[in-house]
Amino acid sequence: MKNTEYLDGFYGSEFQPQILDAFLARNINPRDWQVIPELYNHKWFGYRFLTPGQCLYLFADRFRQEYSSVRGRPKLKNFKQFGYQRQNMITQLNKLVVAQMFNAMCYCDTVGIPYDFYCKTVFERTERLGWSHLPGPNQIYHTSFLWHVKEAWEERLTSGLLVRTKDPYYFLNNYHGHAWQDEYMKWLIDQAMSRPNPKYALAKIMFEEPQVKPSFAAQHISLEHIKEARRVANIPTG
């Protein structure tokens, strides 16, 4: 069973992954499963080593958290159909709402954005547009929202805040050459190199809180950049 503590908990994490996967299989049309393998190559890095059932419950939990955090706005009367009572959670959820959550999750996965960021950004967008009610899961994956969230995510990545995952699968002591691990390292390098002065971000991701192997970085950036990052991190060269 994969440790999900790095996600700071989510509703359903106490269940075995196979129970959540079985729930998903019972409630989602089999033809809709066909997109899942491909989506794993686009999903946010911190979710790629979760099972499909874990991802669905994680998305539903983040949707619920962001939905509940909005104050002073009318909310959907039937939202509780998603079953936020632990004793009923696995067996008595409304299939339509589950399908809506699944579709929204898949839509979010196509752009590789964390679920909480996606939901929060959509709710903020509907507030600025003057919606009278908060959107339900079937409303948050409109194309106009997708482009808006993608733009907001790009702004986040270039804002100076280094975006990373805490998933231990991406720690260097767990590195075993998986394609997603290499993709994540390259993504971090690109994020660092997009800055006017990348040496501080490179120092963090390679030496101070390492998630990138210097030998891997050397395939994509100059040795001078790596030496500068070493100096910033006060790592001896030799």
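Reader: As I understand it, helices (H or I, at least four residues) and strands (E, at least two) are DSSP runs, numbered from the N terminus. What kind of model is this?

Author: This is a predicted model, in which local features need pLDDT of at least 70 and side-chain atom pairs count only at pLDDT 80 or more, while totals for chains, interfaces and linings use all residues. Residues are numbered from 1 along each chain as its sequence is written, and side-chain values use heavy atoms, with hydrogens and water left out.

Reader: Let us start with salt bridges. How many does the structure hold?

Author: The structure holds nine salt bridges. A salt bridge is a side-chain nitrogen of Lys or Arg within 4 Å of a carboxyl oxygen of Asp or Glu.

Reader: What is the partner of Lys43?

Author: Lys43 pairs with Asp109, and their closest N and O atoms are 2.6 Å apart.

Reader: Are Lys43 and Asp109 buried or exposed?

Author: Both Lys43 and Asp109 are buried. Buried means under 20% relative accessible area, exposed over 50%, and partly exposed in between (1.4 Å probe, protein chains only).

Reader: Where does the charged end of Lys43 sit?

Author: The charged end of Lys43 sits over the ring of Tyr40, 4.7 Å from the ring centre. For this, NZ of Lys or CZ of Arg must be within 6 Å of the ring centre and within 35 degrees of the ring normal.

Reader: And which residue does Lys186 meet in a salt bridge?

Author: Lys186 meets Asp190, at 2.8 Å from N to O. The two are four residues apart in helix α7, so about one helical turn separates them. In general, an α-helix has 3.6 residues a turn, so residues three or four places apart point the same way. Lys186 is partly exposed at 29% relative accessible area, and Asp190 is partly exposed at 38%.

Reader: Which residues are linked in a network of salt bridges?

Author: Asp61, Arg62 and Arg64 are linked in such a network.

Reader: A change of topic: how many aromatic pairs does a search of the whole structure find?

Author: The search finds 21 aromatic pairs. Rings of Phe, Tyr and Trp (its six-membered ring) pair if their centres lie within 6.5 Å; planes under 30 degrees apart count as stacked, over 60 as edge-to-face and the rest as tilted. For Phe49 and Tyr169, the ring centres are 4.3 Å apart and the planes are at 10°, so this pair is stacked.

Reader: Where in the chain are Phe49 and Tyr169?

Author: Phe49 is in the loop between α2 (36–39) and α3 (52–69), whereas Tyr169 is in the loop between α6 (143–157) and α7 (179–193), 120 residues apart. Phe49 is buried at 17% relative accessible area, and Tyr169 is partly exposed at 32%.

Reader: How is the pair of Tyr107 and Tyr141 arranged?

Author: Tyr107 and Tyr141 form a tilted pair, with 5.6 Å from centre to centre and 50° between the planes. Tyr107 belongs to helix α4 (residues 95–109) and Tyr141 to the loop between α5 (115–128) and α6, so the pair ties together parts 34 residues apart in sequence.

Reader: Which residues do ring pairs link into a cluster?

Author: The cluster consists of Tyr40, Trp44, Phe45, Phe49, Phe117, Trp153, Tyr169, Tyr170, Trp180, Tyr184 and Trp187.

Reader: How many disulfides does the structure hold?

Author: The structure holds zero disulfides, a disulfide being a pair of cysteine sulfur atoms within 2.5 Å. For Cys55, the nearest cysteine sulfur is that of Cys106, 9.5 Å away. Cys55 is buried at 1% relative accessibility, and Cys106 is buried at 10%.

Reader: Finally, α5. Which of its residues are buried?

Author: In α5, the buried residues are Tyr115, Phe117, Tyr118, Cys119, Thr121, Val122, Phe123 and Thr126. Among the parts covering them are α3, α4 and α6, where contact means heavy atoms within 4.5 Å.

Reader: What follows α5?

Author: Gly130 follows α5, and its phi is positive, near 80°.
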